[in-house]
Amino acid sequence: MNVLVWHVHGSWTTSFVHGRHRYLVPVTPDRGPYGLGRARTYTWPDNAVEVTPEELGRTEVDLVILQRPEELDLAERWLGRRPGRDVPAVYVEHNTPKGDVPDTRHPMADRDDLLLTHVTHFNELFWDNGDTRTAVVEHGIVPPRVEWTGELDRLAVVTNEPVRRWRVTGTDLMPRFAAAAPLDVFGMGVAGLPDRLGLPADRLAVHDDVPQDRMHTEVARRRAYLHLCRWTSLGLSLIEAMTIGMPVVALATTEAVDAVPPDAGVLATRVDTLVEAARWLAEDRDAAYRLGARAREVTKERFGLDRFLADWDRIMEEETCASR
């Protein structure tokens, strides 16, 4: 198939475009949010091709993957066809609901012209989807090329814009963990974090927008993975860390409760419990290895790329066949 999909979330799209289809990724001269084009810090296969809005109007498209409400009008304008009516459409919701939870209505609620697909069962449960048909396709990842060594008794955190997002990403909790073990924070928009938290360099170091392969290599050298998000979908960085073989210390919130088994890490809503777990793993490499080995075993089976792509192939085939 020719599948139109915007580059919105780098890690998710990286997995998605590893399928057997031709993925049309919009690109604009400014490479803005609606024309980002191919990824530059992730490795994508050649079947993900950049297309301009002008080219889309004369390109055969079998299916549209929507990820933001405004893409409905954008796709109609660029294709000359209405997604869900003239060409099959699937809307992918990556995020937990905001606002009046659990009564937050999804922007695609009560529609009969598309399939609303969530990335976690938690999200499908908490969004008010109305009468729109829904499905869940759990994450799948391209396996990192490295395995855990844990030679550094430090904690790895992967997060984006922790200063702006603050409580959502659990940034306010970091000083408590930095007292137990030094933190290395990877991601976009992390450069201003030490000043904002007032932590010295020997307790918190930041690594801004590191290419994915190099980030995996560095994360794998840390003793454990720290996941402090209060309200978020299941982060792909968490799954990647577990696949590498890292033990997890995480808030017991949203989908993490189901994704991280008790013998692969420590989950709790009591922060003191997690701080003690972080201290324990930083000091006990053998214990970290045991938990991380279980994490790797679980995620390779549940969040494997082949399962993810097979699930998406089934959905795409069903939606395109139903429209014929």
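**Sheet pairing and helix packing**

In the predicted model, L155 has A224 of strand β11 as its bridge partner. The strands concerned are β8, residues 152–158, and β11, residues 222–227, which pair in the parallel sense over 3 bridges. In general, strands of a sheet are held together by backbone hydrogen bonds, in either a parallel or an antiparallel arrangement.

Strands β8 and β11 belong to an open sheet of 6 strands, ordered β10-β9-β8-β11-β12-β13, in which the pairing is parallel. The edges of this sheet are formed by β10 (204–208) and β13 (265–268), each of which pairs on one side only. From one strand to the next, the twist averages 20°. Helix α9, spanning residues 236–244, packs on the sheet and touches β8, β11 and β12 (248–251). The direction of α9 makes about 155° with that of β11.

A contact between two helices was also examined. Helix α11 covers residues 271–283 and helix α12 covers residues 285–302; their axes come within 5 Å and cross at roughly 105°. Because angles of 65 to 115 degrees count as roughly perpendicular, α11 is roughly perpendicular to α12. On the α11 side, the contact is made by W280, L281 and E283. On the α12 side, the contributing residues are R285, A287, A288 and L291. Sorted by class, the contact of α11 with α12 contains 5 nonpolar and 2 charged residues, and no polar ones.

Definitions and conventions. Residues numbered from 1 in each chain as written. Predicted model: local features only at pLDDT ≥ 70, side-chain atom pairs only at ≥ 80, totals over all residues. Heavy atoms only, no water. Axes fitted to C-alpha atoms, helices over the stretch in contact; angles between N-to-C directions. Helix = DSSP H or I, 4+ residues; strand = E, 2+ residues; numbered from the N terminus. Parallel < 35°, antiparallel > 145°, perpendicular 65-115°, else oblique. Contact = heavy atoms within 4.5 Å. Nonpolar A, V, L, I, M, F, W, Y, C, P; charged D, E, K, R; others polar. Pairing = 2+ DSSP bridges.
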